[in-house]
Amino acid sequence: MPEFLTQIEPVKQQALAQLSAAGDLGALEQTRVSFLGSHGKFTALLKQLGTLSKEERPMAGKALNAAKVELESALADRLSLLESRACEPKESTDFTLPGRRRVLGKFHPLTQVTEDIVRSFRKIGFAVADGPEVEDEYHCFNALNTPPDHPARDTQDTFYLFARGDRGAEDGESLLLRTHTSSVQIRVMEKQAPPVRIIVPGRVYRRDNADATHNPTFHQVEGLYVDRRVTVGDLKGTVEFVFKELMGPETRIRFRPHYFSYTEPSFEIDFSSALTRKMGKAWLEIAGCGMVHPQVLENVGYDSEEWSGWAFGFGIERIAMIRYGINNIRLFYENDVRLLRQF
Amino acid sequence: MKVTFNWLKQYVDFSWAPEELAERLTMLGIEVEGMEKLGGQFEGIVVAQVMTCDRHPNADKLSVCRVNDGTTERQIVCGAHNFKVGDKVPLILPGRTLPTKPGEAPLTIKVGRIRGIESQGMMCSPQELGLPGEVEGLLILREDAKVGQRFAEYLGQKEADVLYDLEITPNRPDLNSIIGIAREIGALTGNPLKLPEIKLPEAGQAIQGRVAVEIADRELCPRYTARLIRGIKIAPSPDWLKTALEKIGIRSISNVVDVTNYVMMEVGQPLHAFDFNLLEKAPGDAHPAIVVRRAAEGEKFMTLDGQERTLTDPMLLIADKTKPIALAGVMGGHNSEINLETTDVLIESAYFKPQSIRATSKKLELRTESSYRFERGCDVGICDWASRRAAQLILQTAGGELARGLVDAYPQPVERKQITLRHHKVNELLGIELAPEQIENYLSQLGLKAASRKPRPVGAEAAAPAPVSFVIPTFRVDLKREVDLIEEVVRLHGVEKIPSTPPRGAVGFNPYDSVHDQLAEARRMLTGLGLFEAQGQTLVSDAAAKLAGAEPLVPLTNPLSSDMNVLRPSLLPGLLDALRHNLSRKNGDVALFELGRVFAASATSTKGSGVGQETPGVGETRRVAIALTGNRQPLFWSGADREAKFDLYDLKGLIEEFFEQFGIRGVTYSRRADSTPLFIESATIQLGKFYLGQFGQLLPALRKEYDLADAALLAELDLDVLLARRNTTKSFKPLGSFPPIRRDVAMVLPEATTHEAILQVVKQSKLAHLESVELFDVFRGKNVPAGQKSMAYAFTYRSPERTLTDAEVNAAHQDLVAHFKQRLGAAIRE
């Protein structure tokens, strides 16, 4: 064997050994450069090929080429191995560690309850309506069949406002904060010919000292339906539908005769469910309702012989408190993030 | 209104147990708010005598006794040994329950076999009865105890009764009396009302010639009656009277006063008793006179509670010719009240105009059982009956001699109202079919008499019953029109018997409907951005309100406190309160928004898609506000910026993303030159000529005042303007499919050069294929001279039609860079 050929095998073996010994991509690159780089040992052998005789050259070329292919293949294998090793995590992931959380905010619990109520009413064809929170005596009381000296006004202690305007307090048209969403009944009926089918969520105000069940600001929902031949049976049917939607299908509803100046006959609504039983009560009062008083219809210019209707209203806080077991109304207005996160 | 079971039973028969009565009253519209058993814990326990006592055949420690319970002899197995034959002991009969101690389950005694021998009841120890006593074994009763006597009676306890606390609605003043409630029970059961029979002696001297009554204001006092009893003796009331009043929570005072209270509770008519001898007559008059007149402005009067009160016209007074003696319908006078020396009594039974009593009572802040009844409306027809009833009971309890007859000043007796009922209206409103007879029957059970049948309206179906006119008793002040009669029908028929009809009818419409959805959409976006929704108080303090701006505030005339004396002009004071609350609870990281109304005193309010309605004098607008404080990210356990706090750019980013999602484009932000009462640094937000709102960083002084640990960032936007200006049109823009080419530029600029100024230059350069400009670095410090900053932008070029060449992009980009140098004095960093 010519002397040149004998030089190939040891360099190749040395290169293969170093390639397989290279522990990382840097070491591998060094090895590559030291053998296959322009000044590398194997490259030096290649460079010698030109110095060989014509006879020696084919054989040597063949041998060198085979060795080169082998080395490059070994290099590629090693590279691939080391590359994939480099991609491996430095330490394994602890899948029980908490991740980087993105925060999704939440609707206020009162908004959630309001939306649930609105959703149930909309299912049965109600439109949402709205009206001002600053009202006049007429829309809040007089038009609702509650004249100024009416004893029913005692139960609704009212906040009055100092305000400028062409109708001052002097002529009995003082401004006030609405004590109920029922004022919107009048606002809507004044503008809209019957039939009317609306639901009115909103803030209302009563001059009660704040305690566990009272806040001067709270929310109500009013429902009003005026059409031809609307009956007490219709009222019952809708109320039952809505409360079953809200409080669960096993909810039972009871109507009791009561008194509101703007409905006649009037009823209070009690409900009974697992929630009330948990509170140790067979029935829990939840809402007031009744057939729209003909005087109210007449006050907005409707013909009370042709049109009849029902209205009902309830407190959203009360529903939320019962539903979620919240025992203090003030929690709703403190906006403690621990509470907001819970619902 | 408090009533007791036994008292009701005096006026009407019913067979309901106490619980059922409560249920029936509630379903009739008289809500039972409370129910309390009085006495009665020894129900079913009687005095019994041991007749024989033998050893139990199967148990050494037990005996088998024969015991007489007054009606029969029973066999009782007993374990006690402290008694002998002939002893009297308490015996509980089978089916009865031992007095229950708090927290224990009730124990009901049954007939049972004890070791093979039947035992028909149980002889009781003091412990078993809940009575004190150290006795080992049975309670041995006194020898004189009557066999068969109720054990409660043996103990001298009152009969068992049940106290009901009833909620009486303001429309039904007639129910503020025992008889009123009994009447309702009668209507429900069909049983007649049993009114006490009143027979008064006719022998005495006539009242005429002893006292006169002059009504000066007939409108405020339509009727005034007086009766006179002489020679009575004031003394404590007899037991029955004391007990009756005490059960319903009225303190017993003396026989005469108690009788007036008793009759008021019985029939609902407030009465007043004057010491007749304290009435003075005018000089020259033969006898004293009662004058019903309006108070003079500023007139002073001492009511019997010892308070001197300053009266105003038209408060109504009862007076004699020289002085006022009672505040009509509200409270008697100190100068004429019944006292221990009283011998002659004048009984007032009158009717006063409800509005007058209500106004007086409200103005003087003096509420009494009497004013409560008068202001709701008493029965003008009952004055005489009530007066006779009081006379009867005074004679019975205090003796004396009744002057014959009464003075009844009743210048214009009221006519009884009549209300016409059309039967079909009942059924139309209730949604059921009631027979005409049934409807009329319900009403007649309530004491409404059918007066006349109206002729059938022309064209009405022949079968339709003719409308009926009902005469309304004077005590039913609430019945005013047809629908009120319909309510009576449904009360007696029972609303539970009306079948529910499934929702049906018109589909609703209201312009607000879509606004509601848009508000919900805004809420959803804001929660999606990591904010929690808050709900603040509408009522805030004027001090806090003033922080938010200079708009004229809307103050309350009757605030509850100075903390809540104006309507919020902004949502920010409320959010600051929420931050403070959270920090006080150690919730350091808070990101909230609120969507709500604010109020400003003005003659106009924002219209458009906004609140849409306004009350003159106060403008209502919707706003959305955001508040941030504390850590930007939820706690994480790694990373250099994990402790980073919220800053103004977090807030601005939220606002920008919200605007984009909500469809608000072309917004400009202008830095305010100075701090405001709220912000140390802030900007206003405009959309063209429309003011959208402001945002900024809270003043350090306020941050301290609100006890906040970190910087607080606040924003408030006018939601009504956003609703009106949002553009929600959506249309497809083709997605560029040719490759983009990016060129980065970093340049050193004077500190005062704004991002906005750079964008202006870019805009004015009108580069054909520029797709986007993004700022990716702002740097100050090493290699950047003081007073300057380095800003790095990425420019992306792309054509929708072809692949751009490097050359054309380079050319365009060179132009742009030249503009930066020229216009902004930028030094390009290579």
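Buried means under 20% relative accessible area, exposed over 50%, and partly exposed in between, with a 1.4 Å probe and protein chains only. The model on screen is predicted: local features need pLDDT of at least 70 and side-chain atom pairs count only at pLDDT 80 or more, while totals for chains, interfaces and linings use all residues. Residues are numbered from 1 along each chain as its sequence is written, chains are lettered from A and ligands numbered from 1 in the order in which they are written, and side-chain values use heavy atoms, with hydrogens and water left out.

**Stop 1: Arg203(A)**

Select Arg203(A), which is buried because its relative accessible area is 6%. Arg203(A) sits in strand E4 (residues 196–205) of chain A; helices (H or I, at least four residues) and strands (E, at least two) are DSSP runs, numbered from the N terminus. The side chain of Arg203(A) reaches across to chain B, where the backbone oxygen of Gly536(B) is at 2.8 Å. Within chain A, the side chains of Arg203(A) and His219(A) make a polar contact at 3.4 Å. A polar contact is a pair of N or O atoms within 3.5 Å; within protein, one must be able to donate a hydrogen and the other to accept it, and residues adjacent in sequence count only if both atoms are side-chain atoms.

Now show the surroundings, using contact in the sense of heavy atoms within 4.5 Å. Neighbours within four places in sequence aside, Arg203(A) is in contact with residues including Glu133(A), Arg178(A) and Tyr333(A), and also Gln535(B), Arg568(B) and Glu594(B).

**Stop 2: Phe162(A)**

Move to Phe162(A), in the loop between helix H6 (137–140) and strand E3 (175–177) of chain A. Leaving aside neighbours within four places in sequence, Phe162(A) is in contact with Val554(B), Pro555(B), Leu556(B) and Thr557(B). Leu175(A) is 13 residues away from Phe162(A) in sequence and 7.4 Å away in space, C-alpha to C-alpha.

**Stop 3: the interface of chain A and chain B**

Select the residues of each chain that contact the other: 106 residues from chain A and 95 residues from chain B. The size of an interface is often given as the accessible area lost when the parts come together. Here the buried area is about 8700 Å², with 53% from carbon and sulfur atoms; buried area is the accessible area (1.4 Å probe) that two parts lose on being put together, summed over both. In chain A, Asp130(A), Phe162(A) and Pro257(A) lose the most area to chain B, together 7% of what that side buries.

Switch to the polar pairs. The rule finds 56 residue pairs in polar contact across this interface, both residues at pLDDT 80 or more. On the side of chain A that touches chain B, helix H8 (residues 232–247) gives the most, with eight residues. The residues of that side divide into 44 nonpolar, 25 polar and 37 charged. In this count Ala, Val, Leu, Ile, Met, Phe, Trp, Tyr, Cys and Pro are nonpolar, Asp, Glu, Lys and Arg charged, and the others, Gly among them, polar.

**Stop 4: salt bridges**

How many salt bridges are there between chain A and chain B? The count is 13 salt bridges, a salt bridge being a side-chain nitrogen of Lys or Arg within 4 Å of a carboxyl oxygen of Asp or Glu. Over all chains the count comes to 84 salt bridges.

Within chain B, select Lys194(B) and Asp13(B), whose side chains form a salt bridge at 2.9 Å, N to O. Lys194(B) is in the loop between helix H5 (178–189) and strand E11 (212–215), and Asp13(B) in the loop between helix H1 (5–9) and helix H2 (18–27), 181 residues apart. Lys194(B) counts as partly exposed at 35% relative accessibility, as does Asp13(B) at 43%.

Next, take Asp217(B) and Arg294(B), a salt bridge of 3.2 Å, N to O. Asp217(B) lies in the loop between E11 and strand E12 (223–230) of chain B and Arg294(B) in strand E14 (residues 289–294), so the pair ties together parts that are 77 residues apart in sequence. Asp217(B) is buried at 12% relative accessible area, whereas Arg294(B) is partly exposed at 38%.

**Stop 5: domains**

Finally, colour chain A by domain, with bounds from an automatic or database domain assignment: domain 1 (3–87) and domain 2 (109–342). Their C-alpha centres lie 90 Å apart.
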